[in-house]
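Notebook open, structure loaded. Today I'm looking at strands and how they pair up.

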Amino acid sequence: MFKAIVSASTLRDALDSVSVLVDECKVRLNEDGLSIRAVDPANVGMVDLSLDSAAFESYEADGGVIGVNLARLEDIAGMGNAGDLVHLELDEETRKLHIRIDGLSYTLALIDPDSIRQEPDIPDLDLPARIVVEGNQLDRGITAADMVSDHINLRVDEDAETFHIEAEGDTDDVDFEMGPDDLIDLEAGPADSLFSLDYLKDMNKAIPGDAEVTIELGEEFPVKLHYEFAEGLGNVTFMLAPRIQSD
Amino acid sequence: MFKAIVSASTLRDALDSVSVLVDECKVRLNEDGLSIRAVDPANVGMVDLSLDSAAFESYEADGGVIGVNLARLEDIAGMGNAGDLVHLELDEETRKLHIRIDGLSYTLALIDPDSIRQEPDIPDLDLPARIVVEGNQLDRGITAADMVSDHINLRVDEDAETFHIEAEGDTDDVDFEMGPDDLIDLEAGPADSLFSLDYLKDMNKAIPGDAEVTIELGEEFPVKLHYEFAEGLGNVTFMLAPRIQSD
Amino acid sequence: MFKAIVSASTLRDALDSVSVLVDECKVRLNEDGLSIRAVDPANVGMVDLSLDSAAFESYEADGGVIGVNLARLEDIAGMGNAGDLVHLELDEETRKLHIRIDGLSYTLALIDPDSIRQEPDIPDLDLPARIVVEGNQLDRGITAADMVSDHINLRVDEDAETFHIEAEGDTDDVDFEMGPDDLIDLEAGPADSLFSLDYLKDMNKAIPGDAEVTIELGEEFPVKLHYEFAEGLGNVTFMLAPRIQSD
């Protein structure tokens, strides 16, 4: 059983964070809210999303799991203005999701959850550095790195207390340095890892410009990017595996 | 003889309604205004346009017929801002149309009207249902239908006094229901017909979002869409043949 | 030695005027400012740019020459907002240009100036007509000409004291006439020349809409287009060779 009402913008923010990595996903309809975990086909990027029942206008669920085509559901959520309410109701028998927005009824065929790639276990890493930065700043660094390379290096300078987004191209280099004035917070620690830029660009697409992004970083370790949406009732954690640096 | 002055926006609105169906058309230069009738090459969609001489700043004509390339004429009208005046003058001898907008003179070669597809007779159907709806609402229904199918069903529910824009896809369905609060007017009657979505999308492109669109509908009959522009001095009627429903 | 600080918008305006003609260019780092001269590979269009040292926040140079990839440098300048300051510093040893904008450091590999096409000598022509027109008007004429032809004719009517942008297509013609009310200034003289529209379209892309463009024109002679940017401290002259008119 699942029946819920949520604003179109909250639904879109939730779906965007997952659709940058996968086309289909399992959605867990827990009693206290929705949750989604997914990993891209190459096992490089993961997402862990939760949306608290309090983010909904109304919410009733009893722990089922549904499989959804994300692009399709995003298109439907896109039919509403930001504040429009989206009514969702699961028909257990036909395995269809009934969606209503302001006079528009959409019947979405669900996907058999067993046919969807298994949900990843997102490891509980204890990473030595923690950087908090505005989404806009992260975007700026990623855009600059993209001018010269397919890879991006994230690094903390413990002495200078600065965070660096770096890229080395065949001829040109980029170094975007953020100091105490640019960062919202920094817990310095040994942190220097290289990543595929394509993945970080995709994740970045989902991160709102005004979001506070918490970056957890180590040395040749995965990076975790965490941000909130829906006034703190929605939580997204991305995890991205490192590329091994060849010297 | 033909000599007229009209605002760029009125000229564009008139041309748009025809160019969504055909590339070339005959324009009748009647004493009391312009008129155009055209049918697409597949004989599925028709348009009947009239623009009263009172919609012009000045207008003189004596009943001739010219053949025009619509894209070309739209490009020229697009060189002016909405309020700019477009001066049109026919040179009978050279069969060219002289067009002037704010210092810019354009000499448009006309097409031999005899080489253009014959103008259709638009049948005078007595359709049982009449729905009046805002252009924006129609657009919303068409956009939703387009998510799931190439066909679109228009239907009146006589008991509920509602108008439905529906589409059935391979897996998903859409039903956009408009009740008394959403409709400007409704004369209910037996009405349920299926249409090609591509044609309706093209016609919809020409309909201003704030226009009142009068839809005349029957059971497996053509639909007529009527709207006005140029403060009621311009009139457009689209007619679209139905697809036969296979059950 | 070269070290300078300049606003991102001034740098972009300078680069745009050259990049419409060539991909790479030599930049002369004179004591009193930058200068660039370049000609397109077909020897049809030339540009002569100078940017006075007073247009910079700070400027130090001693007469060197560097070779730059324009698209790359434009991308970097595009990372700043209009008012952001761009710091430029040449590393003579590594032949790299260090660029900083608001926390972002970019190391740009320079191109060997000897590998870049030789700078043209821009002839000092004494052309009989001089037309001063707003960039927007020139843009309007070029857009209109582009509807009918690949060539564009620029002409002064000495008797009527008007300037004409004309194009003759296979079937249609365009004549954009500017009289004393439309022109900022006109020194009439025998002037009537045909040009490749593609080149003029490219040059036009770099000309700001509100710039005063001085056009020097003759009979089957090259045209010169001159405009200023950076509050008069930047100067651009384009020169375009004529097409020979076949009658």
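Predicted model: local features only at pLDDT ≥ 70, side-chain atom pairs only at ≥ 80, totals over all residues.

Which residue in β12(A) does Val156(A) stand opposite? I found Phe163(A) there.

Residues are numbered from 1 along each chain as its sequence is written, chains are lettered from A in the order in which they are written, and side-chain values use heavy atoms, with hydrogens and water left out.

I then checked β12 (residues 162-168) of chain A for cover: 6 of its 7 residues are buried (under 20% relative accessible area, 1.4 Å probe, protein chains only). Strands here are DSSP E runs of at least two residues, numbered from the N terminus, and helices are H or I runs of at least four. Two strands pair if DSSP finds at least two bridges between them.

On one side, β11 (residues 151-157) of chain A is joined to β12(A) by 5 bridges, antiparallel. Their hairpin has 4 residues between the strands, and Glu161(A) takes a positive phi near 55° in it.

Next I looked at β13 (residues 173-178) of chain A, which pairs antiparallel with β12(A) over 6 bridges. Ile165(A) stands opposite Phe176(A), and a hairpin of 4 residues joins the two strands.

Terms used: Buried < 20%, exposed > 50% of the residue type's maximum accessible area, 1.4 Å probe, protein only.
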